Amino acid sequence: MNSAAHRPGIWSIRGPISQRRYWILAAIGLITPILAWWLVASTGWVEKVFMPSPGAVWDRTLLWATEDNLLQDTGISVYRVTMGWLLSAVIAMPLGMLIGTFRPVQAVLEPLTDFIRYMPAVAFIPLVMLWIGIDEGSKIAIIFIGTFFQMVLMVAEDVRRVPMQQIEAAQTMGATRAEILQLVLLPSAKPALVDTMRITMGWAWTYLVVAELVAANSGLGYAILKAQRFLQTDKIFAGIILIGLIGLLTDQMFRFLHRKAFPWMHKKS
(Lines give C-alpha, C1' and ligand atoms only; values in the text may rest on other atoms or scores of the structure.)
Protein backbone atom coordinates (compact mmCIF):
# COMPACT_ATOMS: atom_id res chain seq x y z
CA MET A 1 0.00 0.00 0.00
CA ASN A 2 1.26 3.49 -0.89
CA SER A 3 2.69 5.15 2.24
CA ALA A 4 2.10 8.60 0.70
CA ALA A 5 -1.64 8.09 1.23
CA HIS A 6 -1.05 8.09 4.97
CA ARG A 7 1.27 11.14 4.98
CA PRO A 8 -0.40 13.98 6.89
CA GLY A 9 -1.32 17.05 4.85
CA ILE A 10 -0.69 20.66 5.74
CA TRP A 11 -4.23 21.00 7.13
CA SER A 12 -3.82 18.09 9.53
CA ILE A 13 -3.36 18.98 13.18
CA ARG A 14 0.27 20.11 13.57
CA GLY A 15 0.89 18.81 10.07
CA PRO A 16 4.25 19.36 8.33
CA ILE A 17 4.84 22.32 6.05
CA SER A 18 7.83 23.11 3.86
CA GLN A 19 9.96 26.17 4.54
CA ARG A 20 9.10 27.62 1.13
CA ARG A 21 5.37 27.22 1.64
CA TYR A 22 5.64 28.67 5.15
CA TRP A 23 7.30 31.86 3.90
CA ILE A 24 4.83 32.21 1.02
CA LEU A 25 1.92 32.03 3.47
CA ALA A 26 3.72 34.41 5.85
CA ALA A 27 4.19 36.92 3.00
CA ILE A 28 0.50 36.65 2.13
CA GLY A 29 -0.42 37.26 5.77
CA LEU A 30 1.73 40.39 5.89
CA ILE A 31 0.89 41.82 2.45
CA THR A 32 -2.89 41.31 2.53
CA PRO A 33 -3.57 43.84 5.34
CA ILE A 34 -1.35 46.39 3.58
CA LEU A 35 -3.28 45.95 0.33
CA ALA A 36 -6.58 46.28 2.19
CA TRP A 37 -5.28 49.44 3.89
CA TRP A 38 -4.18 50.88 0.52
CA LEU A 39 -7.56 50.11 -1.06
CA VAL A 40 -9.53 51.74 1.78
CA ALA A 41 -7.26 54.81 1.79
CA SER A 42 -7.32 55.21 -2.01
CA THR A 43 -11.12 55.12 -2.28
CA GLY A 44 -11.48 58.26 -0.20
CA TRP A 45 -14.15 56.67 2.01
CA VAL A 46 -12.14 57.64 5.07
CA GLU A 47 -10.65 61.09 5.63
CA LYS A 48 -6.86 61.22 5.37
CA VAL A 49 -6.62 62.63 8.88
CA PHE A 50 -8.09 59.34 10.15
CA MET A 51 -6.40 56.93 7.72
CA PRO A 52 -3.48 58.16 5.64
CA SER A 53 -2.36 56.09 2.66
CA PRO A 54 0.67 53.77 2.85
CA GLY A 55 2.46 56.20 0.53
CA ALA A 56 1.87 59.12 2.89
CA VAL A 57 3.12 57.06 5.83
CA TRP A 58 6.25 56.12 3.86
CA ASP A 59 6.88 59.77 2.99
CA ARG A 60 6.47 60.76 6.64
CA THR A 61 8.91 58.02 7.66
CA LEU A 62 11.51 59.35 5.22
CA LEU A 63 10.97 62.89 6.52
CA TRP A 64 11.29 61.62 10.08
CA ALA A 65 14.51 59.83 9.18
CA THR A 66 16.12 62.79 7.39
CA GLU A 67 14.91 65.76 9.44
CA ASP A 68 13.55 64.60 12.78
CA ASN A 69 16.02 62.13 14.39
CA LEU A 70 14.32 58.81 13.65
CA LEU A 71 17.51 56.87 14.39
CA GLN A 72 17.90 58.61 17.74
CA ASP A 73 14.26 57.96 18.66
CA THR A 74 14.59 54.30 17.66
CA GLY A 75 17.88 53.85 19.51
CA ILE A 76 16.67 55.32 22.80
CA SER A 77 13.46 53.28 22.68
CA VAL A 78 15.38 50.06 22.00
CA TYR A 79 17.66 50.92 24.92
CA ARG A 80 14.77 51.54 27.32
CA VAL A 81 12.92 48.38 26.36
CA THR A 82 16.04 46.21 26.45
CA MET A 83 17.22 47.49 29.82
CA GLY A 84 13.78 47.16 31.42
CA TRP A 85 13.41 43.64 30.04
CA LEU A 86 16.94 42.60 31.04
CA LEU A 87 16.45 43.88 34.58
CA SER A 88 13.22 41.88 34.78
CA ALA A 89 14.92 38.74 33.48
CA VAL A 90 17.90 38.97 35.85
CA ILE A 91 15.61 39.05 38.88
CA ALA A 92 12.65 37.01 37.62
CA MET A 93 14.63 33.98 36.42
CA PRO A 94 16.08 32.90 39.79
CA LEU A 95 12.95 33.98 41.66
CA GLY A 96 10.70 32.02 39.30
CA MET A 97 13.00 29.01 39.61
CA LEU A 98 12.65 29.09 43.40
CA ILE A 99 8.85 29.51 43.23
CA GLY A 100 8.56 26.62 40.79
CA THR A 101 10.83 24.37 42.87
CA PHE A 102 10.03 24.94 46.54
CA ARG A 103 6.47 24.97 47.83
CA PRO A 104 7.21 27.27 50.82
CA VAL A 105 8.64 29.91 48.46
CA GLN A 106 5.61 29.47 46.21
CA ALA A 107 3.25 29.92 49.17
CA VAL A 108 4.99 33.13 50.27
CA LEU A 109 5.57 34.83 46.91
CA GLU A 110 3.12 33.54 44.31
CA PRO A 111 -0.07 35.08 45.79
CA LEU A 112 1.72 38.42 46.20
CA THR A 113 3.00 38.29 42.62
CA ASP A 114 -0.47 37.37 41.36
CA PHE A 115 -1.88 40.33 43.27
CA ILE A 116 0.59 42.89 41.89
CA ARG A 117 0.55 41.69 38.29
CA TYR A 118 -3.06 42.77 37.85
CA MET A 119 -2.21 46.35 38.74
CA PRO A 120 -1.81 48.46 35.57
CA ALA A 121 1.74 49.72 35.04
CA VAL A 122 0.45 53.19 34.19
CA ALA A 123 -0.93 53.50 37.73
CA PHE A 124 2.64 53.37 39.05
CA ILE A 125 3.78 56.42 37.08
CA PRO A 126 3.21 58.94 39.92
CA LEU A 127 5.08 56.73 42.39
CA VAL A 128 7.91 56.08 39.93
CA MET A 129 8.30 59.82 39.31
CA LEU A 130 8.29 60.44 43.07
CA TRP A 131 10.77 57.68 43.93
CA ILE A 132 13.09 57.67 40.90
CA GLY A 133 12.57 61.02 39.21
CA ILE A 134 12.01 61.73 35.53
CA ASP A 135 15.27 60.57 33.98
CA GLU A 136 15.93 57.34 32.07
CA GLY A 137 15.59 55.23 35.21
CA SER A 138 11.90 56.04 35.51
CA LYS A 139 11.14 54.88 31.96
CA ILE A 140 13.08 51.66 32.47
CA ALA A 141 11.25 51.15 35.78
CA ILE A 142 7.82 51.33 34.08
CA ILE A 143 8.85 48.67 31.54
CA PHE A 144 10.28 46.59 34.40
CA ILE A 145 7.00 46.80 36.34
CA GLY A 146 5.02 45.86 33.25
CA THR A 147 7.03 42.71 32.57
CA PHE A 148 8.60 41.49 35.81
CA PHE A 149 5.62 40.00 37.65
CA GLN A 150 4.29 38.22 34.57
CA MET A 151 7.77 36.85 33.86
CA VAL A 152 8.17 35.48 37.41
CA LEU A 153 4.99 33.45 37.15
CA MET A 154 5.77 32.18 33.65
CA VAL A 155 9.26 31.04 34.70
CA ALA A 156 7.79 29.29 37.74
CA GLU A 157 5.29 27.50 35.53
CA ASP A 158 8.04 26.45 33.09
CA VAL A 159 9.96 24.89 35.99
CA ARG A 160 6.86 23.13 37.33
CA ARG A 161 6.38 21.45 33.93
CA VAL A 162 9.61 19.47 34.35
CA PRO A 163 8.52 15.84 34.92
CA MET A 164 8.76 14.72 38.54
CA GLN A 165 10.29 11.45 37.36
CA GLN A 166 13.47 13.30 36.37
CA ILE A 167 13.74 14.85 39.84
CA GLU A 168 13.11 11.51 41.57
CA ALA A 169 15.73 9.81 39.38
CA ALA A 170 18.30 12.44 40.36
CA GLN A 171 17.39 12.07 44.03
CA THR A 172 17.81 8.31 43.76
CA MET A 173 21.34 8.86 42.47
CA GLY A 174 22.12 11.05 45.49
CA ALA A 175 21.90 14.51 43.86
CA THR A 176 21.64 17.46 46.23
CA ARG A 177 18.98 20.16 45.89
CA ALA A 178 21.51 22.52 44.29
CA GLU A 179 22.55 19.83 41.81
CA ILE A 180 18.95 19.09 40.92
CA LEU A 181 18.35 22.79 40.27
CA GLN A 182 21.50 23.14 38.18
CA LEU A 183 21.61 19.79 36.38
CA VAL A 184 17.97 18.71 36.10
CA LEU A 185 15.46 21.55 36.41
CA LEU A 186 17.34 24.27 34.55
CA PRO A 187 18.41 22.17 31.52
CA SER A 188 14.93 20.62 31.21
CA ALA A 189 13.18 23.97 31.43
CA LYS A 190 15.58 25.87 29.14
CA PRO A 191 13.53 25.57 25.91
CA ALA A 192 10.40 26.86 27.66
CA LEU A 193 12.40 29.59 29.39
CA VAL A 194 13.70 30.90 26.06
CA ASP A 195 10.11 31.07 24.80
CA THR A 196 9.12 32.91 27.98
CA MET A 197 11.88 35.45 27.37
CA ARG A 198 10.65 35.90 23.80
CA ILE A 199 7.05 36.47 24.85
CA THR A 200 7.91 38.88 27.64
CA MET A 201 10.13 40.92 25.31
CA GLY A 202 6.97 41.51 23.27
CA TRP A 203 5.20 42.70 26.42
CA ALA A 204 8.09 45.04 27.16
CA TRP A 205 7.53 46.76 23.82
CA THR A 206 3.82 47.20 24.55
CA TYR A 207 4.74 49.27 27.63
CA LEU A 208 7.03 51.60 25.67
CA VAL A 209 4.44 54.32 25.02
CA VAL A 210 3.36 54.20 28.66
CA ALA A 211 7.00 54.48 29.79
CA GLU A 212 7.61 57.46 27.54
CA LEU A 213 4.74 59.35 29.13
CA VAL A 214 7.19 60.11 31.94
CA ALA A 215 8.71 63.45 30.91
CA ALA A 216 10.30 62.06 27.75
CA ASN A 217 11.63 64.24 24.94
CA SER A 218 12.71 61.43 22.60
CA GLY A 219 11.74 57.90 21.61
CA LEU A 220 9.22 56.25 19.33
CA GLY A 221 6.48 56.33 21.95
CA TYR A 222 7.11 60.01 22.63
CA ALA A 223 7.00 60.74 18.89
CA ILE A 224 3.64 58.95 18.61
CA LEU A 225 2.19 60.92 21.52
CA LYS A 226 3.54 64.19 20.12
CA ALA A 227 2.10 63.40 16.68
CA GLN A 228 -1.30 62.82 18.29
CA ARG A 229 -1.34 66.38 19.64
CA PHE A 230 -0.76 67.79 16.13
CA LEU A 231 -3.05 65.29 14.34
CA GLN A 232 -0.12 63.87 12.38
CA THR A 233 -1.82 60.55 11.78
CA ASP A 234 0.74 59.49 9.19
CA LYS A 235 3.49 59.78 11.81
CA ILE A 236 1.40 57.81 14.32
CA PHE A 237 1.03 55.03 11.73
CA ALA A 238 4.77 55.20 10.99
CA GLY A 239 5.70 54.89 14.67
CA ILE A 240 3.35 51.98 15.27
CA ILE A 241 4.62 50.14 12.18
CA LEU A 242 8.25 50.73 13.18
CA ILE A 243 7.62 49.30 16.63
CA GLY A 244 5.94 46.31 15.01
CA LEU A 245 8.88 45.76 12.64
CA ILE A 246 11.40 45.96 15.48
CA GLY A 247 9.28 43.52 17.48
CA LEU A 248 9.03 41.14 14.51
CA LEU A 249 12.80 41.22 14.01
CA THR A 250 13.40 40.60 17.72
CA ASP A 251 10.92 37.73 17.73
CA GLN A 252 12.63 36.09 14.76
CA MET A 253 16.00 36.44 16.49
CA PHE A 254 14.63 34.61 19.52
CA ARG A 255 13.17 31.89 17.29
CA PHE A 256 16.53 31.51 15.52
CA LEU A 257 18.26 31.22 18.90
CA HIS A 258 15.74 28.58 19.97
CA ARG A 259 16.35 26.53 16.81
CA LYS A 260 20.13 26.72 17.23
CA ALA A 261 20.12 25.98 20.96
CA PHE A 262 17.55 23.15 20.84
CA PRO A 263 17.73 21.66 17.32
CA TRP A 264 16.12 18.37 18.39
CA MET A 265 12.86 20.22 19.05
CA HIS A 266 12.68 21.45 15.45
CA LYS A 267 13.49 18.24 13.59
CA LYS A 268 10.89 17.32 10.99
CA SER A 269 9.24 14.00 11.56
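**Figure 1. The second largest pocket of the predicted model.** About 470 Å³ of space lies in the second largest pocket of this structure, which is a predicted model. Of the 14 residues that line this pocket, I34, W37, I241, L242 and L245 are the closest to its centre. Helices α1, α2 (54-67) and α11 (233-261) are the elements that each give two or more residues to the lining. Helix α11 provides the largest share, with seven residues. Sorted by class, the lining holds twelve nonpolar residues and two polar ones, with no charged residues.

**Figure 2. A nonpolar patch on the surface.** The patch is formed by I17, Y22, W23, I24, L25 and I28. Together, these residues present about 560 Å² of accessible area. One of them, I17, is found in the segment before α1 (19-43). With a relative accessible area of 33%, I17 is partly exposed.

Figure 3. W58, in helix α2, is exposed, its relative accessible area being 53%. The C-alpha atoms of W58 and A238 are 7.3 Å apart in space, although 180 residues separate the two in sequence. D68 forms a salt bridge with K235, and the closest N and O atoms of this pair are 2.6 Å apart. The bridge links distant parts of the chain: D68 belongs to the loop between α2 and α3 (70-101), K235 belongs to helix α11, and the two are 167 residues apart. D68 is partly exposed at 32% relative accessibility, whereas K235 is buried, with a relative accessible area of 7%.

**Figure 4. The salt bridge between E212 and R80.** The side chains of E212 and R80 meet in a salt bridge with an N to O distance of 2.7 Å. E212 lies in the loop between α9 (208-211) and α10 (220-229) and R80 lies in helix α3, so the pair ties together parts that are 132 residues apart in sequence. Both E212 and R80 are buried.

**Figure 5. Further salt bridges.** Side chains of opposite charge can pair when their charged atoms come close. The count of salt bridges comes to eleven. In one of them, the side chains of D158 and R161 meet at 3.0 Å, N to O. D158 is buried, with a relative accessible area of 6%, whereas R161 is exposed at 58% relative accessibility. Elsewhere, a network of salt bridges links D195, R198, D251 and R255.

**Figure 6. Two loop residues with positive phi.** N69 is not a glycine, yet its phi is positive, at about 60 degrees. This residue lies in the loop between α2 and α3. N69 counts as partly exposed because its relative accessibility is 48%, and partly exposed residues fall between the limits of under 20% for buried and over 50% for exposed. L231 likewise has a positive phi, of about 55 degrees, although it is not a glycine. L231 is found in the loop between α10 and α11. At 62% relative accessibility, L231 counts as exposed.

Definitions and conventions:
Residues are numbered from 1 along each chain as its sequence is written. This is a predicted model: local features need pLDDT of at least 70, side-chain atom pairs count only at pLDDT 80 or more; totals for chains, interfaces and linings use all residues. Side-chain values use heavy atoms; hydrogens and water are left out. Patches are made of residues with over 30% relative accessible area and no salt bridge: like charges are joined within 9 Å, nonpolar side chains (Val, Leu, Ile, Met, Phe, Trp, Tyr) within 5 Å. Accessible areas come from the Shrake-Rupley method with a 1.4 Å probe; for residues, only the protein chains shown count as cover. A salt bridge is a side-chain nitrogen of Lys or Arg within 4 Å of a carboxyl oxygen of Asp or Glu. Helices (H or I, at least four residues) and strands (E, at least two) are DSSP runs, numbered from the N terminus. Buried means under 20% relative accessible area, exposed over 50%, partly exposed in between (1.4 Å probe, protein chains only). On a 1 Å grid over the protein atoms alone, a cavity is a set of points where a 1.4 Å probe fits but cannot get out, and a pocket is an open set with protein on both sides within 12 Å along at least five of seven lines; lining residues have an atom within 4 Å of a point. Grid points are joined across faces, edges and corners, and a volume is the space filled by probe spheres set on the points. Ala, Val, Leu, Ile, Met, Phe, Trp, Tyr, Cys and Pro count as nonpolar, Asp, Glu, Lys and Arg as charged, and the others, Gly among them, as polar.
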